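Here is a short briefing on one chain. Take a look at the model before reading on.

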Amino acid sequence: MRIGVLRERKPDETRVALTPREVGVLAGRGHAVDVEPGAGEAAGYPDAAFVREGATLSPKAQILAACRLLLKVKAPLPEEYEDYAPHHILMTFLHFDENIDPASLERLVARGFLGIACEAVRVSGRAPILEPMSRLTGHLFAQRAIELCTRHSGRLAPGLDPALGQVGALLIGTGEIGLSVLQVWRALRLRLMVIANRDRDAVNAEANRRFGTRDRDYLPADEVTFLQMDVTDPARTQAALAAALPSVAIVLNAAVRRPSLPRDRLAHLISRPMLAALAPGSIMCDATACDRDLIETCVSSPDLAAVETIDGIIHYSPDHIPALVPGTASDLYAAALLPFVLALAEEGVASALRPGTPLHGAIACGAGRLTDARSAARKNLPAFPIDAALAAWSADAETVA
């Protein structure tokens with residue numbers, strides 16, 4: 001199979017889908033890899049490093065014409081939509097369920113390519129491509145929030161020296177992103193309040209699994225205020241949160257809205273009027289790239305440095321923060337991606353995408369049909385069965401070939 005690695009066009013996106021190490025593995029197994037010039041420069045991988053490992057440097061137009069499997073990091077921008085054709089398999093973070101508007105989503109899907117959403121790949125219930133990026137997202141947001149607090153609030157954070165006092169921080173969500181934040185902030189001794197969908201024991205069990213520890217209490221009652229989200233009566237949780245806001249200098253949301261908490265039950269966990277409870281210069285971050293959702297005033301930004309002041313509160317919510325460390329992020333992403341690229345290249349597309357395989361459920365679109373049911377529901381668009389779309393795409397791709 002001929003595989004194309006495209007340069008990212010999104011502003012500030014510095015990652016690359018494969019590094020020279022993965023290219024060397026693929027080339028060594030007889031697969032042709034075309035890399036767009038400059039694709040790895042920002043991540044510390046010059047063109048010559050790819051060539052040394054067996055890649056061919058090719059302009060984008062040539063990659064699009066010659067390669068069936070296209071690899072990226074981020075979803076295509078509107079100006080890239082016309083690049084894709086029915087014979088292509090595009091593997092990247094698609095995130096159709098997030099901030100792409102329905103009309104743009106329909107326009108992109110109509111191009112007819114087979115879209116494999118990296119965030120939806122599952123192996124034994126885990127998300128092997130998404131999780132490394134989520135963990136990195138949490139670590140980086142935890143650090144950046146502290147830096148911004150030091151700069152804007154007039155308070156020195158963290159409180160490693162007891163003589164300096166403590167800084168209060170609120171963490172919403174304890175998934176992969178949230179656990180990374182928890183790890184950083186506990187190590188730096190911030191005074192924490194944590195809100196989670198699961199109970200304290202479940203959070204501790206997952207934290208111990210994640211960090212390779214045993215029976216460690218990451219939420220000691222004398223140091224961390226813990227609140228379990230009550231989805232049957234979210235107003236009660238919201239009231240407890242509101243009461244805590246005056247004592248925190250940092251708020252970080254790492255939770256996404258689940259079907260158990262529809263908007264008609266709770267429009268926002270933190271509404272704009274609630275900002276008044278925070279001291280001026282406090283920091284508000286949303287790490288989920290879900291605009292105006294659980295936090296009404298947070299809107300994701302393509303600018304890694306962008307901050308916005310709303311009612312005296314500093315907002316910071318880039319939607320691709322791993323790009324701050326492109327070398328680390330590219331290494332993690334490419335290593336996680338490689339097994340699935342090999343599956344497509346060596347098992348064949350039909351075998352690698354058959355029902356029950358990790359990639360089958362990650363098919364988000366094909367032959368002009370949207371197959372991601374969650375995204376379809378959120379955008380009020382029709383969803384088509386994966387197998388029907390895959391069969392139609394296979395027929396279209398064969399015709400083009």
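A disulfide is a pair of cysteine sulfur atoms within 2.5 Å. The sulfur of C118 lies 13 Å from the closest cysteine sulfur, in C365, so the two are too far for a bond. The structure holds zero disulfides.

This is a predicted model: local features need pLDDT of at least 70, side-chain atom pairs count only at pLDDT 80 or more, and totals for chains, interfaces and linings use all residues. Residues are numbered from 1 along each chain as its sequence is written, and side-chain values use heavy atoms, with hydrogens and water left out.

**Cysteines and burial**
- Buried residues make up 55% of the 401 residues in the chain.

**Fold and dimensions**
- The chain has twelve helices and 15 strands; these are DSSP runs, helices being H or I of at least four residues and strands E of at least two.
- The C-alpha trace spans about 65 × 45 × 40 Å along its principal axes.
- A compact globule of 401 residues would have a radius of gyration near 21 Å, and the chain's 22 Å agrees; the radius is taken over C-alpha atoms, and the globule rule is 2.2 Å times the number of residues to the power 0.38.

**Contacts**
- Of contacts (heavy atoms within 4.5 Å) between residues at least 6 apart in sequence, 70% join residues at least 24 apart.

Methods. Buried < 20%, exposed > 50% of the residue type's maximum accessible area, 1.4 Å probe, protein only.
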